[in-house]
2 protein chains.
Amino acid sequence: MKQKNTSKKIKKSQALWRHAQEVMLGGVSLLSKKPERFLREGWPVYFTKAKGIEVWDLDGNHYKDFSYMGVGPNLLGYADREVDAAVKKVINAGNQSTLNSPEEVELADLLLKLHPWAAQVRYARSGGEIAAIAVRIARAHSGRDKVAFCGYHGWHDWYLATNLAKKKNLDGHLLPGLQPLGVPRALSGSALPFSFNKIEELEALVRKHKDIGVIAMEPMRHHEPEHNFLKKVRTIADRIGAVLIFDEISSGFRLGFPGAHTRFGVIPDIAIYSKAISNGYPMAALVGKKKVMREAHASFISSTYHSERIGPAAALATLRKLERVHIDQYVERVGWLIGREWQRLAKKHELPIVVEGPGAFINFTFTHPDAQALKALFTQEMLRYEYLATPTMYVSYAHKPADIVHYAKAVDAVFGSLAEALRRGVVHRRLRGGLPESGFVRLT
Amino acid sequence: MKQKNTSKKIKKSQALWRHAQEVMLGGVSLLSKKPERFLREGWPVYFTKAKGIEVWDLDGNHYKDFSYMGVGPNLLGYADREVDAAVKKVINAGNQSTLNSPEEVELADLLLKLHPWAAQVRYARSGGEIAAIAVRIARAHSGRDKVAFCGYHGWHDWYLATNLAKKKNLDGHLLPGLQPLGVPRALSGSALPFSFNKIEELEALVRKHKDIGVIAMEPMRHHEPEHNFLKKVRTIADRIGAVLIFDEISSGFRLGFPGAHTRFGVIPDIAIYSKAISNGYPMAALVGKKKVMREAHASFISSTYHSERIGPAAALATLRKLERVHIDQYVERVGWLIGREWQRLAKKHELPIVVEGPGAFINFTFTHPDAQALKALFTQEMLRYEYLATPTMYVSYAHKPADIVHYAKAVDAVFGSLAEALRRGVVHRRLRGGLPESGFVRLT
């Protein structure tokens, strides 16, 4: 396959990125969009246009996105026509007033139809904030402040509290890479982690701490719950009278419809959504059982921008389309089309990889001591073929089988190049700028 | 003046509101938009269209908004053409991708130009969340967790912690009406209130608590700082090494440009904005001094929807227009046009009122034992003349002198009716459904 852009020019992006690090705390608004997480050199940092799976960068280069699709929100692809039309309709009619938006009630009805066990909803405009609202409601109901949790739940104090080092021992952090600087020390000991699929860890926590009132977890991300893990968690929550929160911010609509909990038939007390719920427009939603929400009624939760109209309008249009196209089945199937191409091409080039599902988060790992370098080299080399590509993908409805045929040709060439680099022992030398920054570790 | 709609029909709104209270926790997303805060009966709850100062409700009734203008965000009026055009441009180009939005860097540059003392910015999509980020950064810098505060700062734990009753004594709440149910009790004592313009209260706090690391306040809302209050707070912050946060979410662009702090020449370490910064599109921003932001670099703050593109695009268009039209001077002037009409008409009808500035929040109070009932009756009767009207206003650029001439005719008629009701002692009888719910009390 011909390399279309052997020396992509990303000068404008690079200059803006250097400047952004000066003027923005951390340089980016989402850590997962930091260029150094992908590559030390060469990742196109900024975009001007995005449509379907296509992205145009600040320097005018064109790519197809076989990486994170906005890090989750764009399950229908970028700039979905139906969702955008619904949003523009709202903009034309005015998206805010002293009166309320009927769309937020309409969305409540749709969410409650999708969650027959739930009685009430609440909204925010970011995943981290809706998680904080969920924990507030759960604590209000149980009357107990300690949270046992598993998985990733954002930047707020209640969650990062788990990393408050009792002895200033940063190595002891339970979520390596997440610094709790500025989280009040009084919260130390209030967030207690357990690992996914290790029910004995949660059992040990509830034995030791009689005052756990909340259990918060992602029902699934990369690994399926085993040995009835979710059911066992549900049983423990019921036994100790804790509120069970399923964080479906990443799994929602992808691993089941509306959420991963649907796939396993385990019902939480509260489920939270963001990201894919609104296909790129800021929105987050919580659904909860009657008994839990009733008690939270008196807790003060209120925000001006939680009352604007685009969020619910975008979510209504998104959810209707996601349901209509059977999105969870689509991404499972298409994800594995990609996964099998990886397997076939790795075999052809004798590259040691393992492909894992679920299809929605299809991913491969190099089973090799130089795995980290190979992973980055894959991303670096795929850019030459006009692909934003990572070994872990967020599959979307905009990824069509025809796109995969084309993508597989680029993977074929890059896997060949990687195999050759491995044979010649030049993997590290070929990786410009060295290994990328590593991400934080999730309790998944 | 002719009453155009003596019996406004709001059946659809009423039915939807009854349903919303079933399916949404609290019924609304912003407490200040709860209909019972305006009137027990008759407030049109939901809108379908809003443009300039005009609002159309769910039942097809038409109003002009001389009340809260979205409770703050719509300083340029509803559906501003320039801002909406900027947003639609972003939607057409795609508002989200795996790459970052150059607009967030462009906005950073504009914000830093407006705040020459600041070095870095950070974004969120709601006022409450940006306040929580500010407190996180401030605690990270000072290394001390206690916050002395004044004014209103949203729903998050750090703030509501002040209402954690040590003896389950709800009457002792420092912010009456804000329930801290679900706020971890470990935070008790971490948020310490002082009153605006009472420097001795802050002095007493810092004498008693040696570990205050953050002072958070609104630089001004309804009352001007007196006796160099802000400068004295600044001096105390410097003396004890606390980070001074000015919350400009309500005051920003209205009481000075960019903020009320500009009006008084006192510079905080961090300033936060939301509401008017983006004229109705979810956005919030923080600007901070170099020394403060530097230390926060390692604290984990990250959210997918903090990285979308509409927020910064809307803020850029909004700020450019707000600056160009000298918005703070405009609303000060136009607010007082309204205020003087109130004074003139109250005098004419011998109604006991006091009008107070600032123009941006022009407001009047009935100096009468039945003040609460008169206030609600004003709102109730103004609806007959197609006005959403409250004695406290958020003045916008869309309120033109010609609108005020028309509005004054309605006020003339309603003040006449109120005066007659007072003389006949039937104020309470005329108020359908009784007194509205009271709001919470701010430390202003």
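I started with Ser396(A), which counts as buried because its relative accessibility is 0%; buried means under 20% relative accessible area, exposed over 50% and partly exposed in between, with a 1.4 Å probe and protein chains only. Before going on, I noted that this is a predicted model, where local features need pLDDT of at least 70, side-chain atom pairs count only at pLDDT 80 or more, and totals for chains, interfaces and linings use all residues. I also noted that residues are numbered from 1 along each chain as its sequence is written, that chains are lettered from A and ligands numbered from 1 in the order in which they are written, and that side-chain values use heavy atoms, with hydrogens and water left out.

I placed Ser396(A) in the loop between β13 (387-389) and α14 (401-424) of chain A. Helices (H or I, at least four residues) and strands (E, at least two) are DSSP runs, numbered from the N terminus. A polar atom of the Ser396(A) side chain lies 3.0 Å from the backbone nitrogen of Ala398(A). Not counting residues up to four places away in sequence, I found Ser396(A) touching Ile53(A), Met69(A), Asn74(A), Leu75(A), Gly77(A), Tyr330(A) and Val331(A); contact means heavy atoms within 4.5 Å.

**The sheet**

Next I traced seven strands of chain A, which form an open sheet of mixed pairing in the order β4-β10-β9-β8-β7-β5-β6. Two strands pair if DSSP finds at least two bridges between them. The edges are β4 (120-124) and β6 (191-193) of chain A, each pairing on one side only. From one strand to the next, the twist averages 20 degrees; axes are lines fitted to C-alpha atoms, for helices over the stretch in contact, and angles run from 0 to 180 degrees between N-to-C directions.

I then picked out β5 (residues 146-150) and β7 (residues 212-217) of chain A, which pair in the parallel sense over five bridges. Opposite Val147(A), I see Val214(A) in β7(A). Helix α8 (residues 229-240) of chain A packs on the sheet, where it touches β7 and β8 (243-247), and its direction makes about 160 degrees with that of β7(A). Helix α4 (residues 102-114) of chain A lies across β4 and β10 (284-288), running at about 125 degrees to β4(A).

In strand β8 of chain A I looked up Val243(A), which is buried with a relative accessible area of 1%. Leaving aside neighbours within four places in sequence, its contacts include Gly213(A), Val214(A), Ile215(A) and Val292(A).

**Across the two chains**

What does Met24(A) touch, leaving aside its neighbours within four places in sequence? I found Ser29(A), and from chain B Glu104(B), Val105(B), Ala108(B), Gln120(B), Val121(B) and Tyr123(B). Met24(A) sits in the loop between α1 (11-23) and α2 (35-38) of chain A and is buried, at 2% relative accessible area.

I laid chain A on chain B and got an RMSD of 0.0 Å with a turn of 180 degrees and a shift of 0.0 Å along the axis; copies are superposed by least squares on the C-alpha atoms of residues with pLDDT of at least 70 in both. The two copies are therefore related as by a two-fold rotation axis. In chain A, the C-alpha nearest the axis belongs to Ala186(A), at 2.8 Å. The same surface serves both copies, as 100% of the contact residues of chain A recur in chain B.

Notes: Polar contact = N/O pair within 3.5 Å; in protein donor to acceptor, adjacent residues only side chain to side chain.
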